[in-house]
Amino acid sequence: MRAQFVLSEIGVGLRRNLTMTFAVIVSVALSLALFGGSLLMSDQVNTMKGYWYDKVNVSVFLCNKSDAESDPNCAKGAVTADQKKQIKSDLGKMSVVDSVSYESQDDAYKHYKEQFGDSPLAASLTPDQMQESYRIKLKDPEKYQVIATAFDGRDGVQSVQDQKGILDNLFGLLNGMNWAARAVMALMLVVALMLIVNTVRVSAFSRRRETGIMRLVGASGFYIQAPFIAEAAVAGLIGGTVACGFLVVARYFIIDHGLALSEKLNLINFIGWDAVLTKLPLILATSLLMPALAAFFALRKYLKV
């Protein structure tokens, strides 16, 4: 009988404050969709880091004849056969190095033509103007500085370049966008909490006579609070369900179908469905507990009747 009374009061309360209930549902849905989106963005950035950092190479570029005339690092002339042999030997002895590959001037010219064949500069370049290089795969991409310290400024070495620096700029931008989404999410959560508190108070005020009578006849505080807390929890749960729907639909249309980024951007390792599905229970639990707790604290003053 008590459960039936609570359920009937929930329906009455939701219908009585239909406009504000709708506002609560929308604000909770948007804030939790942003919350889930920010979590998925973090997963995506971490997935991309793991994928790309594993492919990062450190390049040791060697001096050629052109560099000897224009680059201070190559003032002693182009790299010699003995210098190349010594550089490769030293690289092989370093514990941070996983593998070393050599790229000749002809190979460098071929790769340049493949990537920038349409550039006006490509027509004027010749293989002897390209740089020989050693491409080093590290066991730990964070250990780039070990290679730079050992070979930067060495005879025959023009420069040491780390591809990780380029990726760091990209991931820095993605992380910045993620924090911006979290800031908007936090603002939306505050708005949602304010709407929940206001809705509960309006509902409690409109039924203050009923709650007063219940108090006088000995009803417990929890029994009086239960319908209001349940109203907020139900509205929040509906909003959380909508937020989960947003995330599932976004993953489906943006990555798999519709925009189909997984097909158009083959170089990006996108997060899978498991990452999305593991976030849904957290969103639903938050959507249920957050409004319920907000309603509980908002109602404390209304029990003093």
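In this predicted model, Phe297 counts as exposed, at 52% relative accessibility. Its partner in an aromatic pair, Phe296, is partly exposed, with a relative accessible area of 33%. The ring centres of Phe296 and Phe297 are 5.3 Å apart and the planes stand at 75°, so the pair is classed as edge-to-face.

**Aromatic pairs**

- A pair of aromatic rings is described by the distance of the centres and the angle of the planes.
- A search of the whole structure gives three aromatic pairs.
- One of them joins Tyr102 and Tyr134, with 5.5 Å from centre to centre and 50° between the planes, and this pair is tilted.
- The two tyrosines come from distant parts of the chain, 32 residues apart: Tyr102 belongs to strand 2 (residues 97-103) and Tyr134 to strand 3 (residues 133-138).
- Is Tyr134 buried or exposed? Tyr134 has a relative accessible area of 4%, which is under the 20% limit, and therefore counts as buried.
- Tyr102, by contrast, is partly exposed, because its relative accessible area of 37% falls between the limits of 20% and 50%.

**Charges over rings**

- Arg182 is placed over the face of Trp179, at 4.6 Å from the ring centre.
- Arg251 lies over the face of Trp273, and here the value is 5.0 Å from the ring centre.

**Cavities**

- Rolling a probe the size of a water molecule over the atoms shows where empty space is left.
- How many cavities of 30 Å³ or more does the count give? The count comes to two.
- The largest cavity holds about 90 Å³ of space.
- This largest cavity is lined by 10 residues, and those closest to its centre are Thr199, Val200, Glu231, Ala232 and Ala235.
- Helix 2 (18-53), helix 7 (164-206) and helix 9 (221-256) are the elements that each give two or more residues to this lining.
- Helix 7 gives the most to the lining of the largest cavity, namely four residues.
- By class, the lining of the largest cavity has six nonpolar residues, three polar ones and one charged one.

**Pockets**

- The largest pocket contains about 590 Å³ of space.
- Its lining is made of 23 residues, of which Gly37, Leu40, Met41, Gln44 and Ile255 lie nearest the centre of the largest pocket.
- The elements that give two or more residues to the lining of the largest pocket are helix 2, helix 7 and helix 9.
- Which helix gives the most to this lining? Helix 2 does, with eight residues.
- The lining of the largest pocket consists of 18 nonpolar, four polar and one charged residues.
- The second largest pocket has a volume of about 430 Å³.
- Phe61, Glu103, Ala108, His111 and Arg135 lie nearest the centre of the second largest pocket, among the 16 residues that line it.
- Two or more residues of that lining come from each of helix 3 (65-70), helix 5 (105-116) and strand 3.
- Helix 5 provides the largest share of the lining of the second largest pocket, with five residues.
- Five nonpolar, eight polar and three charged residues make up the lining of the second largest pocket.

**Ala232 and its surroundings**

- Ala232, one of the residues closest to the centre of the largest cavity, lies in helix 9.
- Ala232 has a relative accessible area of 8% and is therefore buried, as this value is under 20%.
- When its neighbours within four places in sequence are left aside, Ala232 is in contact with Ile196, Val200, Pro291 and Ala295.
- Val200, one of these contacts, is also listed with the residues closest to the centre of the largest cavity.
- The C-alpha atoms of Ala232 and Ala294 are separated by 8.3 Å, while the two residues are 62 residues apart along the chain.

**The fold as a whole**

- The secondary structure of the protein comprises 12 helices and four strands.
- The protein has 305 residues, and 40% of them count as buried.
- Of the contacts with a separation of 6 or more, 81% join residues 24 or more positions apart.

How values were computed: Residues numbered from 1 in each chain as written. Predicted model: local features only at pLDDT ≥ 70, side-chain atom pairs only at ≥ 80, totals over all residues. Heavy atoms only, no water. Phe/Tyr/Trp six-rings, centres within 6.5 Å; stacked < 30°, edge-to-face > 60°. Buried < 20%, exposed > 50% of the residue type's maximum accessible area, 1.4 Å probe, protein only. Lys NZ or Arg CZ within 6 Å of the ring centre and 35° of its normal. 1 Å grid on protein atoms, 1.4 Å probe; cavity = no way out; pocket = protein on both sides within 12 Å on 5 of 7 lines; lining within 4 Å. Points joined across faces, edges and corners; volume = space filled by probe spheres on them. Nonpolar A, V, L, I, M, F, W, Y, C, P; charged D, E, K, R; others polar. Contact = heavy atoms within 4.5 Å.
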